[in-house]
Every structure is written in structure tokens, then in C-alpha cells.
Amino acid sequence: MSAKHQTTFETQRGISSVEVSQGHSLVIVTSIPEADSDEKRLFALRRLALAGLSIDFLKLSLDGFSFLVPEDDGTKAEEALCAAGFTAKAVKNRAIITVTAPNIRDESGLVARVAEIVVRSGANIDSVGDMHSSVLLVVEASLAETAAKALETLIGKVDAV
Amino acid sequence: MQIKVLKFGGTSVATAESRQLAAHKVISAKEAGFSPVVVVSAIGRQGAPYATDTLMSLLHDVDPLVQPDAREVDLMLCCGEIMSTCIFAQTLKSMGHAASAMTGGQAGLVTDSTFGNARIIEVLPDGVFSVLRQGKIPVVCGFQGRSKASENAVYGEITTLGRGGSDTTASALGAALGAVAVEIYSDVDGVKTSDPAMVPFAPTLGKMTYEEIAEIAHQGAKVVHPRAAEIAMKFGIPLHLKCTFTDEPGTEVVPRANFPGRRVTGVTHTGKLVYLQFDAPFGADKCVLESKVYQLMADYRINLFMLNVHPNNFGFAVPRKQLPNVKEILDGLVIPLLDGSPRTYIVQVGRAGSTEVAAQERMLSGNTAFGEIRKCAAKLTENCTMVSVIAHDYLNQPGIYEKVMGCLQKASIHVLQSTDSPLSVSLLVSETDCERAVSTLHDEFELADAI
């Protein structure tokens, strides 16, 4: 009941790890008229569900939407959508960079700093998602390691912003 | 000695009556054979005489143009918890139970020296054990700690832990003391499947995992701070969320291995947001514009939500209260690209050009060194909010998006943007649609039957 109870506690603020997961395809759907975009998008999502495809990183755009699937499902998604009359293209070789940063929303500016570093490293960001302890970025596979290395320079920096 | 940490939020200690009810919870724990350790927040919520924001305004009101030092802000803010702790200890004494009020520093919470958002480095609980050995109930100030001694602060400085700080104090003390449980008391009986203000009959979840509670809090549910959940998870401390004013069992937070989970945990909403979508040219110029904008948002510590990137545009949402700062930073920003054939971009926030943008255009147009002057305009969509569906592995099921988007479309709710993670799907909708979106999704996933 004394000094042995001394304990280390919270995860240090800022970025604690950066990981790259390869093997994804980005599917981009375009040419949906804005007037009936909600209905058309829903129809497209139904076709994907019927094809048994699980999608991630759904992002809406003015004339369509994009999403991520496992690399092997890219062609299947493209075919399912094209068969339903959509203009769709599966772009292979996408990777997810997972940047672990506990309580990321309490660290004002950190998401922006992560995005800035990835773009500066030469990688175009295709998509971004976040959860309580991490931010996830989809980039071209060949540029993911370079971007991850750039982000790793922030690991352990208490004031990464 | 079986220690139980009981933490009471602002509304639980706001009045003499509520303090008596809270004290009864402490006494019941003691009578059940536990050694209770109490953590309290400042008295009352926003606007109350001793609430955190009221103390803060006392400093600002001295001269709104002079920003107080972060060190003094923390000293000031700590007064709220110190008062609350002394009053609660006195309440326990008046009910016949010896108690001793302690600051966070006296209770051994050692933090880094980041005023306003300090992190706990270690907890040295000898002081708390000493009070327990004397047969007294320790009543500890939440939300505060003391930094390590340094050259500039020989005895360390009083620090505050930031948002959700009292929850974090309770979890940290629970871990350091080897508590059998940490109980977080508030004016709601645990975690609901949704905001009861929007879904009046939203049921209380009996069990949740640490990850679920962290994510649901991250997405806007005012339950327990993710930092508290993180500490409890790290040290395997059972966490209970209960109501001071009822005897309901509340919500128990458990490791994932002990709970198979459910398809969907809840539907949350958060934030008054503004969505900015920048038109940017395809190619190398877009990268430069994008990285400059992100760099400035980071430098000025703007919180970005729902980042969205496309070949010819990029966008993100910012909290509405940060919009004036964002406009100040970006509107009229000049980004010269002087390689090859020179061209210069002027960032314009909003559909109509401001006087700042017009002034920059005038100044640059006569100077050939800047080349062609182009605009990078950001379309603003104001009055947005984010509605999220929190779930575990269920989000991997084919058709989840169709289900989410389909029910919202049926309710004529337009989704402006979406984002997702392994634990949640979030949708940006108009604030006027927020309540309907929450209740529609709650119905769609049959959360009224959740247990």
C-alpha cells in the first residue's frame, strides 16, 4: 500500500504509431446528375450490397461518390456498377495509412497537420476517416511508405501540431 | 481493503439536496464494506456561480483584450473543484462520516506541464492511502493535478486536465489504488442509445465495451470522456456509469472479451459545423494549395472534421465557432506559384468575394511577377451537424450504407457528406434535419429494443 502503487498512466499525446495496410481498391463513380444524385447513389449502393460487397470510406461528390474495397473486389464492384448503367472505375493499388493518436479531437490542428504532411510527401489523399484514437488516410500504395515515414517523424513529439 | 472510486459530476453536487443524495451513495458503499474514495467536479453547470466557465469569465472580465496566462487560468479553474471538494467533505462529516478534502496534487496526480490539457504521468497514491488508514473518506478534486518540479517551478505547478478531466481523475485514481470499481455518477442513468432530447424513450445500455464507450463519446455522446475509458481499459478497472438521483443499475463498461457486443450501439450527434469545399485545379497546383491550407489549419489549431478529397476539389468541416478564425486565416490568402509560368491563387471563402479578396486582386493584377491571378474559392455550407451510427464489426456487413442512406432518403434527409471508421459511420446533415436523422436511424436499427 505505498510506493509499489506508483503507476504510469496516460498514453502520451500526439502520434504514437503509423501503420500501412496495402491491398485496397478505390472505386470512383462519376457522371451522376446532381438533380437525382441521392436516388442514384442509393440505387448504386443497393447494387453493391446485392453483389455482396462490403465498402468503406464512402465519400460523396457533386457528380457521384467513391469508396474503398479490398483490392480483389475492385473489379467486381466496377462491373456491378457498370452493369447497372453507372460510370465507375476501380483504381487498384491503394493503401490505408493508420495514424494512431489518442483523443485526436482534443488535439486541435492535429488532423490538419497529418493531412498536410501526407500531401507534402507527394501522396494525393483519396479519402480520410477518423475514430477516437486514430485517423485513417487512403493513398496510392506506392507512395504510402514515403508518407508513413514522413508521419513517423512526429511520433513521440508531445506537441506534434 | 476493497476500494471503490465514486465520481460525482457538476449537477450531482450542485445543491445541498443533490449533495446529500450523492453522499448517501458514498455511505452505502462504505456500509457495503468498500473503502470509498470520492472525486468531485466543480459545482453546477454552465452559468452556475462556481462553475468552471463562471470562474473563467471572472478573469476575462478584468480586461477582455488581455489574454490571461494559461498558468493563472489553471489556478483559477482549480478553485471550483477545491470549493466543491471541501463542501462535499463537510456534507459527509455532517452525516457522521469522517472525510478529508484533497487537491489533485495532494492525491498524487502528477501531470505534464501542459496547462489546460495536462496528461497524467503518474499517480502517487500514498496520501490517499494515508487518509484511508485514518478511517476517513478521501474527497479528491477532479480535473486537476500538479506538474513535476522543475527549475522554473520548484514545487511543480497546478494543472488542469482539460475536457472530461474529472472522469480521467476517477479512472486514474481507480487504477493507482487498485480499485475494484470506478463509478461515474451524473444526472442520467447510464449510456443511452441516443440523446433522450431527440429520442425520448432511448433505452439505457446495460453493458458496453471500452472501445464503444470511447467512440460514442468521441462522436458526441456526453457520457464519459474517452481518456477515462482508455485508462480503465489499460488497467482492467470495471467502470460503471450511474445516476445520482436513482437506484438504476446504469451502464457497465467491460472488456470486449467479456461481452459479445451488439450490431449497433447507438446514434449520436455532435457539433455545430460549417462545411467548406474548395474548388482546386487538378494536378500539382492542387497539392500545393491543399498542403498550404492544411498547414495553416494546423498552425492555427483548427479542428477539421470530415475531410473529403476529390480530383478537382477538397473540403472539410470546421466547428462553427472557429469559422471566423478560418475566414480570417484563409479569405484573401495569396499563394504564389512562381515555377515555370508564374500563377498566383487567391483563396476566397464564401460565394461572394470579400473586400480582402478584392484588395488582393487589385494589388496583384498590376504586378507581372505574380503571373496569372486565379481564384481558389471555397463554397460554404453553414448550419451542419454530424450524426453518427456507432457499431463494431457490423459495419463490415454488405449493405450497411444502403440501409443508412436509404432510411435517410426515405425521410427526405439530404446527406451532405459521409465518413467512416471501423467503429462508426458519420453523416453530415443540415442542423434542421439533425433530430429527424437521429430518430430515423434509431428506428432503422431498432435501438428501442437494445439492452
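Mentor: Start with contact: two residues are in contact if their C-beta atoms, placed from the backbone, lie within 7 Å. This is a predicted model, where local features need pLDDT of at least 70, side-chain atom pairs count only at pLDDT 80 or more, and totals for chains, interfaces and linings use all residues. Residues are numbered from 1 along each chain as its sequence is written, while chains are lettered from A and ligands numbered from 1 in the order in which they are written.

Trainee: How many residues does the contact take from chain A and from chain B?

Mentor: Chain A gives 51 residues and chain B gives 58. On the side of chain A, the elements that give two or more residues include α1 (37-50) and α3 (110-120). Helices (H or I, at least four residues) and strands (E, at least two) are DSSP runs, numbered from the N terminus.

Trainee: How do the residues on that side of chain A divide?

Mentor: Ala, Val, Leu, Ile, Met, Phe, Trp, Tyr, Cys and Pro count as nonpolar, Asp, Glu, Lys and Arg as charged, and the others, Gly among them, as polar. Here there are 20 nonpolar, 17 polar and 14 charged residues.

Trainee: Which residues of α1(B) are buried?

Mentor: First, the cut-offs. A residue is buried if 20 or more other C-beta atoms lie within 10 Å of its own, exposed if 12 or fewer, and partly exposed in between; C-beta atoms are placed from the backbone. In α1(B), the buried residues are Arg19(B), Ala22(B), Ala23(B), Lys25(B), Val26(B) and Ala29(B).

Trainee: Why do they line one face of the helix?

Mentor: An arc is taken from the directions from the helix axis to the C-beta atoms. The buried residues of α1(B) fall within an arc of 145 degrees, so they line one face. They pack against several elements of chain B, including β1 (3-8) and α3 (70-94). The face turned away carries exposed residues, among them Glu17(B) and His24(B).

Trainee: What follows α1(B)?

Mentor: Gly33(B), with a positive phi near 100 degrees.

Trainee: In which sense do β2(A) and β5(A) pair?

Mentor: Two strands pair if DSSP finds at least two bridges between them. Strands β2 (residues 17-30) and β5 (residues 87-100) of chain A pair in the antiparallel sense over 11 bridges. Val29(A) has Ala88(A) in β5(A) as its bridge partner. β5(A) also pairs with β7 (residues 134-140) of chain A, antiparallel, over 7 bridges. There, Val99(A) stands opposite Val135(A).
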